[in-house]
Structures are given as structure tokens and as C-alpha cells.
Amino acid sequence: MKIIKTFLFAFLFVISSACVGAYAGEDSRVDRLLELLVQKGVITSDEATDLKKEVSAPEQVVAAPPALKPPSINFSGYMKLQSQWTENGATSNNDTFRVRQARLIFSGEPAQRLSYRINIGLERTDPTLLESSVTYKLSPELALVGGQFKVPISRESIASGRDLDLLERASFIDQFRFTNGYDQGFKLTWNPDPDLMLEVGAFNGTGKNTTDSNDQKSWVSRLSGTVNIGSLRIEPEIAYLRAPSEDAANPLIEQSLRSTPGFAPYDKSLKQWGLAAFHSTLSIKHEYIQGRFQPKNSVLRSVIADGMFIQLGAALSQKCDGFLRFETFDRDLNTTTNTDTQWTTIGLKIQKYKNLRYKLNYTWKKEVVSSDDNDVLGMEMILLY
């Protein structure tokens, strides 16, 4: 009989507890029930006190785990359609229409602090992987980048093809850099301030999509920033590349040097600096690169080459900008050859719509020794997507 009474009291206690707070005055009923249980010897007074605390305590709500965010994937790209007319009509400079560039770019942030970027070139018969890089933010100021991406030397080289002021980069830049400017390696990027950036990295020194052929690496450092003086914005940069015992690089000037028997292996260094300034509707840009190539063979002399450009820009209207650029390239400062060049280009850039851009360039080409008539008129349409 005592067991049955105990069960009934416990049942009533549970029912009453479940209804606590639903109606006014329920607390007094719970107190009375607990007193009866103590009087009958079912529970002790201490147990009654503990039960009262549990009933009075607010219900704990367990928060649901946060939903997993799916990895982000962003798509972008551009296509450059060009036509060129060369005055002399030589075989190597035919008048032509071509798809100069067609790029498809994927990017995203699959995890906190982690991002990626993939750039595929579609302008050739077979698609080409240009960039495949991953960036990890070690801190708000420090990031580690690894994979295949542009070597951080020269603003003009790093810039995307869609963002160039003229149809092409200054010609001497392609003499010193890898094809498209890409190589495989890693770099640390330090941004202690939005107007200051230091990049330091090591690369294979063999260019894009190429297996490393030796233990030597190309070491690169670049410092760039922004200085504002009233309405004048100045953006200086300086970079240095050192590649000891180079023997498999593919920049144009090095391909030529390696044709000399015994020239490779050689120590290579590049020094680069530049300055861009912007004021209202006016701009001026300047870059200089010097390359020194010292063969291990003491019988052969070193070769020093350099190139530079200076460019003026002005907004002619709300949708049209004009540019004038003068550039030089000297393949060997110790000699004078018919490959030393001086080019002058005048150009227009018209932003017709947000995703449609036109360019018109005319370039006067002058070789120091040769007097070939090979000036070029070029037109370009860029579709952004």
C-alpha cells in the first residue's frame, strides 16, 4: 500500500511540475505537495528543497548548431578581340584579326582565412592553366600565397590584360619575364597599412606549367605603396629578383643568350622600379628594368640589358581616355645592335558601357640600326563578364 501511495504522490508531483508557470498560483500547490511527501516519509526535507529549486529554475534552451555555409564559387573573365595592320606587310607581321585573350576565372573562400583563384586561358587550341593559387591569411596583415601565380615584379607585368591602358604591355617587359608572367612557388605578403605592401617569395624559375629542373630558386622581393599629397596620389614600387645558376628560364632575352655555346648556367638578377602619379584627370607612369646575366664560364662576358617606358594619360571626356607612351629596350648595353628599339605609341581607351571597352593604338617603331617601316595600327574590343 505504501508503494502505491508513493507512486501516486510521485505522479502528482510530475504532473504539477510540468504545469508550473502555466497558471497563477501553481507554486503554492507544488509547495503543499512537497510538504505532504515529507510528512508521509516519502522524501526528506532536504530532498524537497532541492526539488523546489529544480522546478523553479528556468528551462535551459540548447542552441542549434550553426548551419554549414556552402563553399563560395565566383565566376568572371574577359575576352579581347584585336585587329592589327602593319605597314610593311612582312611575313612575321601580317595584317590580322585574332582573339588576343579569352579568360575564365574562378575564385572563392571555402573556409575562414582561406581563398583560392584559378585563371584559365582559352584563346589557344588547348586551354591553358595560367593561375592556380591558394591564399591563407595568417593574420589581418600577413598572408601566405602558394601555387602558380604572377611573379611580383613590375606593376605593368602584374596587371591583368583587361586593365592595361594600351593594347599591349611595354615590349621590354616581355623580354625579362616568363610567358604571361606566371611561375610556381610561394610568397609572403605583408600589409601593415592599406598604403604599404611588402612581398617576398621563392619560385622555381621555370615558368608556368613546367616541372622544376634543378635545386636553384628565383628569390623575389617587392615593396609598393601609396602616398597622398592633397589631391595628388603617388604610387611608387621597387623590386629585385635573384636567380643563381639559371639554366632553364624561358624569357625572350634569355632564350637568345642561351644560344651562345657555354653561356648557361648563369647568375641572373633583375632590378626594377616604377612610379605612377594621378591628379584629377591626369596621370603619369614610369618603369625601368635592368637585367644582369653573368655566365659561370669565365671566358664569356656578362650581358646587361635594360628597358624603360614613360607614359602620359588624360581623360578626354567622361568615357574616353588618351595616352602617349615612349619606351626603349637595349639588349646589351655594351654593344649596339639592330634589335635595340625605341617605340612611341598613342592610344585611346573608350569605356562605352560597363562591360564593353574599345581601344585604338598607333605605334611608331624605330630600330637603332635598321630602318624598317613596320609601324602598327591596332584596334581592340574587350568584353567583360
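Guide: pLDDT is the predictor's confidence in each residue, from 0 to 100. This is a predicted model: local features need pLDDT of at least 70, side-chain atom pairs count only at 80 or more, and totals for chains, interfaces and linings use all residues. Residues are numbered from 1 along each chain as its sequence is written, and side-chain values use heavy atoms, without hydrogens or water.

Visitor: What is the mean pLDDT of the protein chain?

Guide: The mean is 86, and 82% of the residues reach 70 or more. Over residues 11–16, pLDDT stays under 50. That stretch has 8 contacts (heavy atoms within 4.5 Å) beyond four places in sequence.

Visitor: Why is Leu316 called exposed?

Guide: Exposed means over 50% relative accessible area (1.4 Å probe, protein chains only). Leu316 has 55%, so Leu316 is exposed. Leu316 lies in the loop between strand 13 (303–315) and strand 14 (320–330). Leu316 also belongs to a nonpolar surface patch, along with residues including Trp85, Phe97 and Tyr358.

Visitor: What makes strand 6 and strand 7 a pair?

Guide: Pairing takes at least two DSSP bridges. Strand 6 (residues 182–193) and strand 7 (residues 196–203) have 7, so they pair. They run antiparallel and form a hairpin with 2 residues between them.

Visitor: How many bridges link strand 7 to strand 8?

Guide: Strand 7 pairs with strand 8 (residues 218–225) over 8 bridges, in the antiparallel sense. Leu196 has Gly225 in strand 8 as its bridge partner.

Note on methods
Patch = residues over 30% accessible without salt bridge, like charges linked within 9 Å, V, L, I, M, F, W, Y side chains within 5 Å. Areas by Shrake-Rupley, 256 points an atom, 1.4 Å probe, with all protein chains shown as cover. Salt bridge = Lys/Arg side-chain N within 4 Å of Asp/Glu carboxyl O. Helix = DSSP H or I, 4+ residues; strand = E, 2+ residues; numbered from the N terminus. Buried < 20%, exposed > 50% of the residue type's maximum accessible area, 1.4 Å probe, protein only.
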